[in-house]
Structures are given as C-alpha cells and as structure tokens.
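Dear colleague,

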Amino acid sequence: YTSDLRTELGLAPDDIMILQPTRIVPRKGIEHAITLVKMIGNPKYKLIVSHQAGDEGLEYQHMISQYAGQNGVDLRFCETRVSDMRHINNEGKKTYTLSDLYAQADFVTYPSLYEGFGNALLEAIYFRVPVLVNRYAIFGLDIEPKGFCIPIMEGLLSSDVVEEVKHLIESKPYRNKIVNHNYRVARRYYSYDVLHRSLKLLLSNIRGFLEEPK
C-alpha cells in the first residue's frame, strides 16, 4: 500500500524526505526545520509537514510558507493525504497514516519550543528514524538523561548540529548505529512492559492503602 507514498507526495526516488510530524502551530517551531534544510543546502532535501493548522488559524502556515519560499526550501503540506486509517478518498487517491510517513522518512524534525512530553519523538525512535530535537523543558529534564543519541539544538541551529544531521542521513552505517541505540534506550524506559510493571505497582500500592485498617 505504501509503495507509492513518496511518488504521490511528488518526491523523486533520490529525494531526501524530511518529516515534520506535527500540526502547523507556532509552538512546533517549524521555521527551524526550514532553516535546517536551508543550511544543508541540497535541493534534494524536501520538508514534508504531516498535519493541518488546526484551530489556531492559518497565519502561521502562511508565514512558514513565505519563509520557505524566501529561502529556497521545498516545503510540502500533506494533511489531505494523512488520516487515522488507510483508505481511498473521494478523489480516488490513497490516504495514508502517520505510521506510513514515518516508515518512508529519511529524517524527522522535532524543533518544538515546548511540549507536554513529546510523543512524536518516541514515534520516530520506534520507527528507527533519526530525529532532531529542540531542547524543550520536559525533554531536558525527563528524556535526555536516559541516554539517547540525538542532535539537539538550543533555540538556534549551530553548524555542528547541521553537520550531525547530514552525517546521520548520508552515512547508513552511522545512522543504523544511532537509531538502533535509541531504540534500545526507548525500549528500556518507555516500552509497554515498563508501563505494565509501573501500573501494576501503582495499583498494588493503591490496593494496599485501601485495605489498611482505619
């Protein structure tokens, strides 16, 4: 089903698909993803944004579209082709899931200014796709100390971070080493087994509290 995804997004076989797997809202920092592609300077790098603007208006979408155009970055919005489940839409075209996009992506950008946690980060790691992160508060406090190997920006992109991103994309052995390491770390700290054990312990503690003699 997904064999035609990149073609239907207008990508050539040798294009590099940079995925921004978020809604188009200011706190997602999509302008940083555009700057990244600009700094890499390769016209084969295409930035794909998966979701729509939502209920916060279209001003931000217009702004980043203009910014991409001014900087020669190929920015594409594919919200009409992404849904919760695969199906053929009213125009007879395939509609894909976010998982399909992750599976086809060469790199994921996640330059959010702030997040409650950061599900897209773990999703990228699960699909073994390298990812760029802007060091938002929860990431710095709860996720980064776990030992992930991730290019991290501090509000602005440095040339060192851009070079690391290029290396992750262009060196398959290095990419595989990093994404497999991150997968193992995520499995250790964020797997369903970990969730199951944590919930079991929590429920056991609650049960013990309720059964204590009053």
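Strand 6 (residues 107–110), helix 5 (residues 119–126) and strand 7 make a right-handed β-α-β unit. Here right-handed means that, with the strands pointing away from the viewer, the path from the first strand over the helix to the second runs clockwise. Helices (H or I, at least four residues) and strands (E, at least two) are DSSP runs, numbered from the N terminus.

This is a predicted model, in which local features need pLDDT of at least 70 and side-chain atom pairs count only at pLDDT 80 or more, while totals for chains, interfaces and linings use all residues. Residues are numbered from 1 along each chain as its sequence is written, and side-chain values use heavy atoms, with hydrogens and water left out.

A right-handed β-α-β unit is also made by strand 7, helix 6 (residues 137–143) and strand 8. Strand 7 (residues 131–134) pairs with strand 6 in the parallel sense over three bridges; two strands pair if DSSP finds at least two bridges between them. Strand 8 (residues 152–153) runs parallel to strand 7 and is joined to it by two bridges. V133 in strand 7 stands opposite Y110, and its bridge partner in strand 8 is I152. From strand 7, V131 and V133 point one way and L132 and N134 the other, and all are buried (under 20% relative accessible area, with exposed over 50% and partly exposed in between; 1.4 Å probe, protein chains only).

The structure holds seven aromatic pairs (rings of Phe, Tyr and Trp, the last by its six-membered ring, with centres within 6.5 Å; planes under 30 degrees apart count as stacked, over 60 as edge-to-face and the rest as tilted). One of them is the edge-to-face pair of Y110 and Y136, at 6.2 Å centre to centre and 80° between the planes. Because Y110 lies in strand 6 and Y136 in the loop between strand 7 and helix 6, this pair ties together parts that are 26 residues apart in sequence. Y110 is buried at 2% relative accessibility, and Y136 is buried at 1%.

F148 and Y190 form a stacked pair, 6.4 Å centre to centre with 10° between the planes. This pair links distant parts of the chain, 42 residues apart: F148 is in the loop between helix 6 and strand 8, and Y190 is in helix 8 (residues 172–190). F148 counts as buried at 12% relative accessibility, whereas Y190 is partly exposed at 27%.
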